[in-house]
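Welcome! Let us walk through this structure together, one region at a time.

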Amino acid sequence: MSHNKHTLANLHLDFETAGLDERMHDIVDVGIVGTTADLNTIFEFTSLVHATPRTLTAIASQPIVHQMMSTNGLLERLITGSTAGSLPSLAEVEDRIIDLINEFGTPGVKVTLAGSGVATFDMRFIRASMPRLLACLNYWAADVGVLRREWLTATGDDLVTVNKDKPHTGIDDARIHVDEARAFRHMFARLADLAGGGTLEDINALLEAVERQRMRDLVVSTV
Ligand SMILES: [Mg+2]
């Protein structure tokens, strides 16, 4: 598989939904940052999705969802737009996303769904209600949430704190997760660069060299 430096490779996507169950709850807000394989931004896309009265009722009946969407102003924009009939349907939003994939991607080459929780959350909603988008996606996902949790478990710390106080609108969250993916990517690339390679042997040799140097510094400082 060849990667053109300027070609779309990843769709960093974040949905806001009327609830957690893709069989019952609709997608109401979509944010996407399209990037190259190097995580350089090619385009941004954001759209609310027309909400039916049933969807608005579902939001109102779930305190956590209602609170989140009221605080950031999403609910008000959603109600105003849906009442005025000015918001696109999910199928129309899907069309626009596919247009962007066709415009910036390589014909016949699938793109990778990226973001936080996308493998387990957003992918379920795509599978349930956006079959044409699904057909454009690789079967794997670049889920930065997996990296974040693994890093926290291993170190007791967050690598970056961008996830604290997330705005919970699609495009803002998508941007935050691209930044987080870049932080991990930069760290991995820098480590492999310093080690002269990316195998476990390369990395271990680098870490052992650092450790030996630290011991020497310690000896020098205590003499
Ligand atoms: Mg979000």
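Which residues form one aromatic cluster with Trp151? The cluster is made up of Trp151, Phe184 and Phe188. Before going further, please keep in mind that this is a predicted model.

Let us stay with the aromatic rings for a moment. A pair of aromatic rings is described by how far apart the centres are and by the angle between the planes. Five aromatic pairs are counted here. In one of them, the ring centres of Tyr139 and Trp140 are 5.1 Å apart and the planes stand at 90 degrees, so this pair is edge-to-face. Tyr139 is exposed, with a relative accessible area of 74%, while Trp140 is partly exposed at 37%. Trp151 and Phe184 also make an edge-to-face pair, with 6.3 Å from centre to centre and 85 degrees between the planes. Because Trp151 belongs to helix α7 and Phe184 to helix α8, this pair ties together parts that are 33 residues apart in sequence. Are these two partners buried or exposed? Trp151 is partly exposed, with a relative accessible area of 28%. Phe184 has a relative accessibility of 3%, so this residue counts as buried.

Several of its residues are buried, including Gly170, Ile171, Asp173, Ala174, His177, Val178 and Ala181. What covers the buried residues of α8? The covering elements include the strands β1, β2, β3 (41–48) and β4 (111–115), together with the helices α7 (144–155) and α9 (200–222). Just after α8 comes Gly196, with a positive phi of about 75 degrees.

Which residues are the protein donors of the magnesium ion? They are Asp14 (OD), Glu16 (OE) and Asp173 (OD), lying 2.1 to 2.2 Å from the ion. Along the chain, the donors follow the spacing D-x1-E-x156-D. Glu16 sits in strand β1 and Asp173 in helix α8, 157 residues apart, and this pair links distant parts of the chain. Glu16 is buried, with a relative accessible area of 6%. Asp173, at 1% relative accessibility, counts as buried too.

Strand β1 also holds His12. With a relative accessibility of 3%, His12 counts as buried. The side chain of His12 is joined to that of Thr35 by a polar contact of 3.1 Å. Leaving out residues up to four places away in sequence, the residues that His12 touches include Gly31, Ile32, Val33, Leu39, Ala114 and Gly115.

Our last stop is Asp26. Where is Asp26 found? This residue is in the loop between β1 (10–17) and β2 (27–35). Asp26 is partly exposed, with a relative accessible area of 30%. Not counting residues up to four places away in sequence, Asp26 touches Thr17, Ala18, Thr52, Arg54 and Thr55. With Thr55 there is also a polar contact of 2.7 Å between the side chains. Finally, Asp26 and Thr120 are 94 residues apart in sequence, and 16 Å separate their C-alpha atoms in space.

Key
Residues numbered from 1 in each chain as written. Predicted model: local features only at pLDDT ≥ 70, side-chain atom pairs only at ≥ 80, totals over all residues. Heavy atoms only, no water. Helix = DSSP H or I, 4+ residues; strand = E, 2+ residues; numbered from the N terminus. Buried < 20%, exposed > 50% of the residue type's maximum accessible area, 1.4 Å probe, protein only. Contact = heavy atoms within 4.5 Å. Polar contact = N/O pair within 3.5 Å; in protein donor to acceptor, adjacent residues only side chain to side chain. Phe/Tyr/Trp six-rings, centres within 6.5 Å; stacked < 30°, edge-to-face > 60°. Donors = N, O, S within 2.8 Å, 3.2 Å for Na, K, Ca; no water.
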